Amino acid sequence: MSVLPADPHLPVAHLRPPRNWINDPNGLAFHDGHYHVCFQYNPYGSEHAHMHWGHFRSPDLLTWEELPLALTPTPGGEDADGCFSGNAVSDGDRMVAFYSAFRTDRWAQPVTTAESRDNGVTWTPRGSLLIPELPEGATMYRDPYVWREGGGWRMLVGSALADGRAAALLYESADLEQWEYKGPFLDGAPQPVAPGADTGLGWECPQYLHADGRGALLLSVWDPELGPRRTVVYAGREHDGRFLAGAPALLDHGPDLYAPALLPAPDGRWLLWGWSWEARDPQWVREAGWAGLLTLPREVTLAEDGSVRQRPAAELLALRGERTVTSAGVTAGTAVLGTVGASFDLTARLERAGGLRLVTSADGAEYLDIRVDPTAGELVVDRDHASLDPRAQGGTYRVPCPEASVELRLVVDRSVAELYLPSGRTLTLRFYPTGGAPWRIEARAGDEGGLGYTVSAWNLRPHTVRCLADAAAGLTDAGLVGP
Ligand code: FRU
């Protein structure tokens with residue numbers, strides 16, 4: 001039995017459970033022939049509280065199983081008030097999860113572990129802290145990221161330091177049990193990264209992509225007063241246990257991506273999922289009964305010039321269903337190119353000037369715009385009119401795009417839009433159309449002249465999610481969504 005979600009904003013091709021709050025992807029690991037994707041999850045409601053680790057796994061990034069909750073806070077234990085973020089590693093026949101033990105009665109979230117010997121179906125928490133001592137000068141401390149290197153293991157922990165530097169702290173271990181603190185792998189006072197945006201006072205969820213002596217640190221910028229801000233990346237190389245970094249850059253140019261996490265795939269790819277939070281009023285979130293989603297899995301590469309490039313995982317092409325738009329031409333005004341469902345994958349080439357409009361209400365009053373700004377050499381995504389509901393956030397967001405002919409891929413899934421450029425730049429944004437699909441795709445010329453366009457769009461097939469527990473109990477396929 002397949003049930004399409006009744007909530008028009010609930011995604012069908014992005015991972016999340018049908019209800020309740022989620023945030024960061026956690027515990028990403030390939031083990032026993034499966035990609036394991038856990039996530040911060042509140043099984044009791046749509047607000048950030050009672051953090052558990054929810055758990056999906058997939059053999060192919062297309063068919064997902066929902067596994068039982070991986071981590072649950074232990075009453076009275078070190079993680080009594082939440083199992084916060086971290087990652088997992090595959091170590092022979094076991095998986096080990098490293099996570100931040102949250103208690104409201106202490107400022108830090110020290111590292112603890114849990115282990116699974118049945119391929120991630122059940123987990124045994126260690127109960128005690130793995131690293132009880134906290135480094136001097138830290139004022140924030142959480143989110144371990146562990147990887148295998150040479151014959152041993154290394155770990156980064158996100159931190160803020162009392163003197164105003166943010167830091168990713170390095171530890172090393174031969175056996176995953178005894179960990180030696182090595183000092184900051186990278187630290188730094190806030191540095192500008194874009195107009196009005198810097199690298200911040202604290203780094204959460206450090207992630208380390210590395211290959212052939214080069215690397216990139218992905219960091220989630222956290223402010224002691226404002227909380228999560230943005231994600232940044234430093235490319236560089238390691239020297240003597242320190243990361244020598246070039247200039248920082250934004251990892252994503254949209255407003256709604258945070259806490260991205262890496263999964264080293266067995267074929268050598270680095271895969272990434274991020275948390276895309278809500279961009280609507282909390283009252284609306286309560287009514288909806290859910291918050292947050294995980295981005296599409298992305299392939300991340302480190303280019304020769306030090307830029308970090310993202311594109312949707314190649315497997316996702318298999319989610320393309322009916323092709324509903326195939327259109328090429330030149331317009332001096334507005335050309336209607338066709339219609340799409342509420343979840344679609346679109347590719348476009350635009351010869352300046354103008355842009356695309358996704359019209360989501362019959363009267364044309366509700367739309368998401370993607371426009372070329374030839375003077376600035378940027379692509380502008382404008383969600384000021386993307387919802388007729390005033391409880392949705394607006395704003396315009398810009399991603400550098402200096403090329404004369406603009407190519408883009410846009411994946412929309414009900415309330416999330418992920419924009420990918422050939423440069424590897426991305427822009428992730430939430431929007432909340434009130435009009436039902438089919439929606440209309442238009443090409444619109446700009447004031448500067450005509451627009452040449454080539455556009456294709458495919459409706460997305462929902463990915464399949466099954467619940468392992470129900471399947472094992474012989475119940476009908478408890479697909480949350482289905483083809
Ligand atoms: C990032 C974060 C992490 C923390 C978790 C708690 O979004 O704040 O630093 O471990 O979420 O849910």
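**Notebook: aromatic pairs and the ligand shell**

I began with Trp 64, which is buried at a relative accessible area of 2%. I keep in mind throughout that this is a predicted model.

**Entry 1, aromatic pairs.** I searched the whole structure for aromatic pairs and found 19. Among them I looked up Trp 64 and Trp 273, whose ring centres are 6.4 Å apart and whose planes meet at 85°, so I noted the pair as edge-to-face. Trp 64 belongs to strand β4 (residues 63-71) and Trp 273 to strand β21 (residues 270-276), so this pair ties together parts that lie 209 residues apart in sequence.

Next I turned to Phe 84 and Phe 102, where the ring centres are 4.3 Å apart and the planes stand at 10°, so the pair is stacked. Since Phe 84 lies in strand β5 (residues 82-91) and Phe 102 in strand β6 (residues 94-102), the pair ties together parts 18 residues apart in sequence. Buried or exposed? I read 13% relative accessibility for Phe 84, which counts as buried, and 19% for Phe 102, which counts as buried because the cut-off is under 20%.

I listed one aromatic cluster formed by Tyr 145, Trp 147, Phe 185, Tyr 208 and Phe 243. I also looked for charges over rings, and found the charged end of Arg 142 over the ring of Trp 222, at 5.0 Å from its centre. Arg 320 lies over the face of Trp 458, 3.8 Å from the ring centre.

I then went through polar side-chain atoms facing oxygen atoms of the ligand: for Gln 40 I recorded a distance of 2.6 Å, for His 48 a distance of 2.7 Å, and for an N or O atom in the side chain of Glu 204 a distance of 2.9 Å. Finally I looked up the cover, and the protein takes up 94% of the 320 Å² of accessible area that the ligand has on its own.

Conventions: Residues numbered from 1 in each chain as written. Predicted model: local features only at pLDDT ≥ 70, side-chain atom pairs only at ≥ 80, totals over all residues. Heavy atoms only, no water. Phe/Tyr/Trp six-rings, centres within 6.5 Å; stacked < 30°, edge-to-face > 60°. Helix = DSSP H or I, 4+ residues; strand = E, 2+ residues; numbered from the N terminus. Buried < 20%, exposed > 50% of the residue type's maximum accessible area, 1.4 Å probe, protein only. Lys NZ or Arg CZ within 6 Å of the ring centre and 35° of its normal. Polar contact = N/O pair within 3.5 Å; in protein donor to acceptor, adjacent residues only side chain to side chain. Areas by Shrake-Rupley, 256 points an atom, 1.4 Å probe, with all protein chains shown as cover.
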